[in-house]
Amino acid sequence: MLRRSLAGILSTTSRTGAGVLQLLSTETSASHLKTSLLPSLTTRWASAIPQAVCQEPIEDVETFYARDIEYKLQPSQKSRTNLEDVKFGTVFTDHMLLAEHADGQGWSRPLVQPFGYIPMHPAAQVLHYGMTCFEGMKAYKGADGRPRLFRPELNMARLARSARRLQLAPFDPQELLECIKALIKVDSGWVPSKDGHSLYLRPFIFSSAHVLGVAKATKTTLSIIMSPVGPYFPSGMRPISLFVEERATRAWPGGVGQFKIGGNYAPTIQPQVQAAASHGAQQVVYTFNSSEINSMNGESDDAVFEECGAMNIFFLIEKPASKQQQTNSVDGACGNHSNGNNKNSAATKKRYELVTPSLERGTILPGITRDSIISLARDWGEFEVSERQMTVREIRQAAAEGRLCEVFGSGTACIVQPVGALVRGNGEMWQPNVSDPADPRALAPRLQRALLDIQYGRVANHPWSVVVD
């Protein structure tokens with residue numbers, strides 16, 4: 001019997017110099033299966049500049065098929081909600097998708113049904129051991145009225161990796177993507193048409209096996225729900241403050257920081273609540289210190305930045321004079337490095353660096369928006385773009401010397417979020433020179449516009465924008 005392969009072909013294409021990963025599904029027999037989307041790509045997953053990836057061969061598995069979807073539709077749709085009054089992720093569309101897997105029986109037919117509760121046994125492993133993973137992605141309504149997804153093949157590959165790490169039932173990522181498209185078509189009227197708004201998609205998968213024991217799941221449930229949303233932060237593009245967390249650690253090497261699993265998120269709630277209460281910070285940015293003693297004692301300038309509770313983080317810095325060739329071609333600290341019309345780009349590139357923490361330790365989620373920003377910025381060629389460790393000392397010194405140009409976060413929910421201040425537990429505060437989105441030097445809003453133009457289909461035929469026909 002032919003089975004749908006979990007594997008795809010990761011091929012690299014290029015558009016205006018930007019690296020793009022495309023997922024090409026294949027139907028093959030187990031004997032022909034050589035590669036898989038599921039291996040752990042610890043060091044450079046979905047790199048902005050695609051590189052060769054070592055892939056482990058695994059056995060072919062059965063999967064569900066989008067062509068087998070059963071539809072039980074709502075007789076009348078709920079009234080559309082005024083999105084201006086809706087808190088992010090609190091309103092849901094009329095329908096959801098559900099599929100179940102049981103050992104020895106395989107996957108059920110996917111079912112599109114009215115949105116509602118999922119029956120669950122009190123002993124379900126997900127309730128006791130947190131055996132769940134998920135994705136966050138969006139559908140955007142283009143100028144032509146058609147919904148569009150943004151690089152969805154990367155979300156599917158990441159969810160498959162997360163599911164494998166938790167030993168949940170495997171599935172074909174391409175078939176899941178087709179199921180998502182089918183659900184969007186059913187509830188297409190829920191895709192907001194207002195710029196800056198979208199339909200948030202939440203595919204998730206968990207162990208529904210009802211046994212009190214830490215063991216591989218014998219029953220897996222997969223579902224997709226959708227929610228019309230506006231901006232993630234109520235302030236929109238207005239800068240937020242970040243608390244620099246130097247005591248609590250989000251992830252440790254060898255753990256699961258690089259996977260999008262539920263257990264990575266629940267422990268971040270307490271530090272976030274405390275940061276808001278004590279320092280008025282809207283989010284937390286985590287640091288990593290390999291010295292357990294320093295971590296227990298609190299602040300350490302040797303700690304390196306990791307990621308925020310719900311975002312990756314970027315720093316735009318002006319290099320120290322010792323690391324740049326002296327030039328008088330750019331006026332003032334953090335000058336017009338990002339207006340797109342720099343007449344001395346070579347000199348500017350030597351002077352500025354956009355840095356985001358590297359993925360090499362496996363403690364940071366490989367964000368798709370993060371990867372897209374790296375690719376766009378490298379394509380622009382206006383400043384150096386680096387994935388490397390960034391210590392607290394380096395940021396502290398850059399701020400003291402007026403070289404901390406800009407700080408912003410990135411993620412599917414917020415896309416690009418300017419940061420106006422970094423607040424430390426000892427009372428120190430570091431403010432970038434540029435945080436106002438209206439500042440012509442600001443990079444964050446320029447990246448936001450570039451991404452939105454692709455997501456809403458305003459850039460014709462861009463390979464990152466996938467139309468839902």
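Mentor: Let us begin with Pro267, which sits in the loop between β12 (240-245) and α4; please keep in mind throughout that this is a predicted model.

Trainee: Is Pro267 buried or exposed?

Mentor: Pro267 has a relative accessible area of 54%, and because the cut-off for exposed is over 50%, Pro267 counts as exposed.

Trainee: And how far apart are the C-alpha atoms of Pro267 and Gly309?

Mentor: They are separated by 9.6 Å, although the two residues are 42 apart along the chain.

Trainee: Changing topic, how much space lies in the largest pocket?

Mentor: The largest pocket holds about 890 Å³ of space. Its lining consists of 36 residues, and those closest to the pocket centre are Tyr200, Arg202, Tyr232, Tyr265 and Ala310.

Trainee: Which elements give two or more residues to that lining?

Mentor: Those elements are β10 (198-207), β11 (219-229), α4 (269-279), α7 and β18. Sorted by class, the lining of the largest pocket comprises 17 nonpolar, 14 polar and 5 charged residues.

Trainee: What about cavities, then: how many of 30 Å³ or more does a search find?

Mentor: Searching the whole structure gives 5 cavities of 30 Å³ or more, and the largest cavity contains about 110 Å³ of space. As a general point, rolling a probe the size of a water molecule over the atoms shows where empty space is left.

Trainee: Which residues lie nearest the centre of the largest cavity?

Mentor: Met137, Lys138, Tyr140, Phe150 and Thr412 do, out of 13 residues that line the largest cavity. At least two lining residues come from each of β8 (137-141), β9 (147-150) and α7 (368-380), and β8 provides the largest share, with 3 residues.

Trainee: How does the lining of the largest cavity split by class?

Mentor: There are 6 nonpolar residues, 6 polar residues and 1 charged residue in the lining of the largest cavity.

Trainee: On to helices. What can you tell me about α9?

Mentor: Helix α9 covers residues 444-455, which is 12 residues, and reaches 16 Å from its first C-alpha to its last, close to the 16 Å expected at 1.5 Å a residue. Of the 12 residues of α9, 10 are buried, so this helix is largely enclosed by the rest of the structure.

Trainee: Which residues of α9 are buried, and what do they pack against?

Mentor: The buried ones are Ala444, Pro445, Arg446, Leu447, Gln448, Ala450, Leu451, Leu452, Ile454 and Gln455. The buried residues of α9 pack against β8, β9, α7, β18 (404-411), β19 (415-424) and β21 (465-467), and β8, β9 and α7 also each supply at least two residues to the lining of the largest cavity. After α9 comes Gly457, with a positive phi near 80°.

Trainee: How about α2, where does that helix run?

Mentor: Helix α2 takes in residues 152-165, 14 residues in total, and its span of 20 Å between the first and last C-alpha is close to the 20 Å expected at 1.5 Å a residue. This helix too is largely enclosed by the rest of the structure, because 12 of the 14 residues of α2 are buried. Among the buried residues of α2 are Glu153, Arg158 and Arg161, along with Leu154, Met156 and Leu159.

Trainee: What comes just after α2?

Mentor: Just after α2, Gln167 takes a positive phi of about 60°, although Gln167 is not a glycine. For background, most residues other than glycine have a negative phi. Gln167 is found in the loop between α2 and α3 (173-186), and at 37% relative accessibility this residue counts as partly exposed.

Trainee: And Ile415, what is the phi there?

Mentor: Phi of Ile415 is near 65°, again a positive value in a residue other than glycine. Ile415 lies in strand β19 and, at 7% relative accessibility, counts as buried.

Trainee: Last one: how many helices and strands does the protein chain have?

Mentor: The protein chain comes to 9 helices and 21 strands, and 54% of its 469 residues are buried. Of the contacts between residues at least 6 apart in sequence, 75% join residues at least 24 apart. The accessible surface of the chain is about 20,000 Å², with 50% belonging to carbon and sulfur atoms.

Note on methods: Residues are numbered from 1 along each chain as its sequence is written. This is a predicted model: local features need pLDDT of at least 70, side-chain atom pairs count only at pLDDT 80 or more; totals for chains, interfaces and linings use all residues. Side-chain values use heavy atoms; hydrogens and water are left out. Helices (H or I, at least four residues) and strands (E, at least two) are DSSP runs, numbered from the N terminus. The expected span of a helix is 1.5 Å times one less than its number of residues. Buried means under 20% relative accessible area, exposed over 50%, partly exposed in between (1.4 Å probe, protein chains only). On a 1 Å grid over the protein atoms alone, a cavity is a set of points where a 1.4 Å probe fits but cannot get out, and a pocket is an open set with protein on both sides within 12 Å along at least five of seven lines; lining residues have an atom within 4 Å of a point. Grid points are joined across faces, edges and corners, and a volume is the space filled by probe spheres set on the points. Ala, Val, Leu, Ile, Met, Phe, Trp, Tyr, Cys and Pro count as nonpolar, Asp, Glu, Lys and Arg as charged, and the others, Gly among them, as polar. Contact means heavy atoms within 4.5 Å. Accessible areas come from the Shrake-Rupley method with a 1.4 Å probe; for residues, only the protein chains shown count as cover.
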